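Welcome, and please open your viewer. We will go from one selection to the next, and at each stop you will read what is there.

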Protein chains: 2
Amino acid sequence: MILAVCLNFALDLTYTVDELRPHTTNRVTEVRSRAGGKGVNVARVLDGLGHEVVVTGFAGGRVGDAARAELRSAGLVDELVPVAGETRRTLIVLEDKGGEPTGISEPGPVVSAEEWEGFVERFTALTAGAGGVALSGSLPPGVPADAYATLARESAAPVLLDTSGEALREGVRGAPAIVKPNRLELADLADGDDPVEAAQRVIAMGPEAVVVSAGADGVLAVTPEGVLRAAPPEAVEGNPIGAGDAAAAALVAGLVAGTPWAERLADAVALSAAAVHAPVAGSFDADAYARYRRTVVAA
Amino acid sequence: MILAVCLNFALDLTYTVDELRPHTTNRVTEVRSRAGGKGVNVARVLDGLGHEVVVTGFAGGRVGDAARAELRSAGLVDELVPVAGETRRTLIVLEDKGGEPTGISEPGPVVSAEEWEGFVERFTALTAGAGGVALSGSLPPGVPADAYATLARESAAPVLLDTSGEALREGVRGAPAIVKPNRLELADLADGDDPVEAAQRVIAMGPEAVVVSAGADGVLAVTPEGVLRAAPPEAVEGNPIGAGDAAAAALVAGLVAGTPWAERLADAVALSAAAVHAPVAGSFDADAYARYRRTVVAA
């Protein structure tokens with residue numbers, strides 16, 4: 001089983017409007033509602049690959065109930081921990097006229113010290129049955145900045161960390177097996193023009209491997225098996241939201257299976273590119289994945 | 001008891017952001033959540049005036065449950081009728097940098113023919129205990145265009161109608177005691193440059209009285225007691241959302257009490273102006289109301 005941690009669990013609402021015009025009233029023509037948060041995207045991709053997945057994190061209020069119900073109806077195992085506050089809504093507004101989506105995100109419930117302690121206990125127990133753990137996304141208000149370091153240390157299974165900002169800077173000190181920053185997040189972690197040197201400085205902070213994603217340019221990894229690179233064989237057009245979560249899913253699956261790093265990286269790039277072909281975060285185009293899997297090589 | 005009908009009942013979410021920037025991700029700093037819809041605004045104002053009020057309309061799903069819970073916690077009597085679809089969310093985005101709010105409104109649940117028939121029965125029973133009825137706002141999808149005409153005919157108590165478009169054009173045929181269009185809605189109901197003549201043509205369609213609101217210019221009424229006008233004594237700055245619902249509340253309260261039309265109109269203008277002073281729809285500034293009530297005269 002793989003444990004997908006989504007501390008800032010959400011109800012994702014996707015609205016379609018003709019054109020979003022600020023300072024007027026906009027009529028929504030289509031509403032889609034589903035469980036969201038980066039950890040949920042990772043869980044959906046792993047489930048799509050046939051892995052057994054359990055989702056944990058915090059959920060509260062009627063919004064939390066709605067998101068949990070959708071998660072379960074999608075076939076995912078719900079081990080979310082109740083919290084007194086209300087789960088956040090994350091709104092994505094799509095326009096018929098085209099263009100980039102507009103995101104409007106609530107901050108999330110404030111988690112109390114007792115709720116956080118209760119979560120750490122539950123998390124630790126769940127990791128006893130896990131082959132690997134993915135820690136994904138931002139921290140809800142109230143959770144300590146070093147939350148991911150605590151979880152990485154308490155976990156009975158190897159951990160992948162995919163977050164940003166202070167949560168990332170503090171989290172690497174918990175020595176996760178893999179940390180997956182993008183170029184900007186890497187620069188925030190360690191100075192230096194050369195990403196290999198910067199990644200090596202991050203490894204000195206605790207992680208065993210650093211996988212640096214650079215979107216269409218693919219990934220660079222500094223691993224116990226050496227420095228490796230992989231890139232998609234073609235420019236991929238589509239929906240980039242969730243592509244990084246698909247890469248995280250491939251990396252944690254490789255961590256559980258213990259596959260060679262070159263294979264893990266090629267898989268991460270192929271799955272990430274196949275996710276760009278899919279219309280919503282958490283899904284991937286299976287045909288594209290199979291095709292990319294034959295052509296992407298890490299070296 | 002006054003029955004406030006809110007067929008397109010909603011959960012109003014008010015978000016505060018720094019500045020709403022389309023095609024980026026916007027972080028919400030404050031979330032307020034309450035029951036909404038024009039009928040709910042009318043009910044809140046009537047409740048604030050000390051009237052006994054009952055709210056009916058359709059409510060469904062977890063969003064409906066959340067809105068009903070807030071309505072009851074505000075002390076209003078909830079006689080909403082369950083519907084299989086999910087109650088709509090209506091989003092208002094306020095910006096710290098100032099400027100007009102942005103509305104983003106879901107369409108509302110599709111009401112089936114059976115659900116509509118069930119509602120008409122429940123409505124008819126509720127009107128037996130009512131002194132007056134306010135029919136406010138748009139119709140949810142699935143409800144027949146002549147819904148308000150049906151309700152006006154079935155009602156055991158006199159009815160005020162405040163809606164727009166086809167719902168208004170069809171609704172006036174049910175001969176409500178009062179119809180309350182604004183200038184644009186009046187033009188949509190009856191041609192003519194002269195609003196008094198246009199209102200008289202509306203009265204020929206069935207209503208006993210027509211009250212035409214013109215924002216800061218006050219109101220014009222064609223009533224069984226003659227043609228009357230009233231305007232606020234000063235330009236009022238503030239939040240105009242819900243001002244029309246406050247006027248509707250005053251008019252239905254006057255209808256129940258049987259006060260002379262000049263008094264009803266003066267009250268509607270005073271309460272509407274006092275609502276502009278209040279930060280949220282459904283509330284009014286009691287001091288401003290008392291002050292305007294002494295100065296506004298209809299003639």
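To compare copies, they are superposed by least squares on the C-alpha atoms of residues with pLDDT of at least 70 in both. Done this way, chain B can be laid on chain A with an RMSD of 0.0 Å, by a turn of 180 degrees and a shift of 0.0 Å along the axis. The two copies are thus related as by a two-fold rotation axis. Select R62(B) next: its C-alpha is the one in chain B nearest the axis, 3.1 Å from it.

A word on what you are looking at: this is a predicted model, where local features need pLDDT of at least 70 and side-chain atom pairs count only at pLDDT 80 or more, while totals for chains, interfaces and linings use all residues. Residues are numbered from 1 along each chain as its sequence is written, and chains are lettered from A and ligands numbered from 1 in the order in which they are written.

**Where the chains meet**

Show both chains together. Two residues are in contact if their C-beta atoms, placed from the backbone, lie within 7 Å. By that rule, 22 residues of chain B are in contact with 22 residues of chain A. Which elements of chain B give two or more residues to the side that touches chain A? They are β3 (25–27), α2 (61–73) and β9 (102–105); helices (H or I, at least four residues) and strands (E, at least two) are DSSP runs, numbered from the N terminus. β9(B) gives the most to this side, with four residues.

Now select strand β9 (residues 102–105) of chain A along with β3(B). Three bridges join the two, which run parallel; strands pair if DSSP finds at least two bridges between them. Within this pairing, look for S105(A), which stands opposite R27(B).

**A strand with two partners**

Stay in chain A and select β2 (residues 10–17). Over seven bridges, β2(A) pairs with β4 (residues 30–36) of chain A in the antiparallel sense. Strand β8 (residues 88–95) of chain A is joined to β2(A) by eight bridges, and these two run parallel.

Follow the chain into the loop between β2 and β3 (25–27) of chain A, where H23(A) is found. Its phi is near 70 degrees, a positive value in a residue other than glycine. Most residues other than glycine have a negative phi. Is H23(A) buried or exposed? A residue is buried if 20 or more other C-beta atoms lie within 10 Å of its own, exposed if 12 or fewer, and partly exposed in between, with C-beta atoms placed from the backbone. H23(A) has 12 others within 10 Å, so it is exposed.

**An enclosed helix and the core**

Select helix α8 (residues 243–257) of chain A. Of its 15 residues, 13 are buried, so α8(A) is largely enclosed by the rest of the structure. Just after α8(A), G258(A) takes a positive phi of about 70 degrees.

Last, colour the nonpolar core, meaning a set of buried Ala, Val, Leu, Ile, Met, Phe, Trp, Tyr and Cys residues joined through C-beta atoms within 7 Å. The largest has 206 residues, and those with the most contacts inside it are A4(A), L160(A), L271(A), A4(B), L160(B) and L271(B). Zoom in on L160(B): leaving aside neighbours within four places in sequence, its contacts include A134(B), P176(B), I178(B), A248(B) and L255(B).
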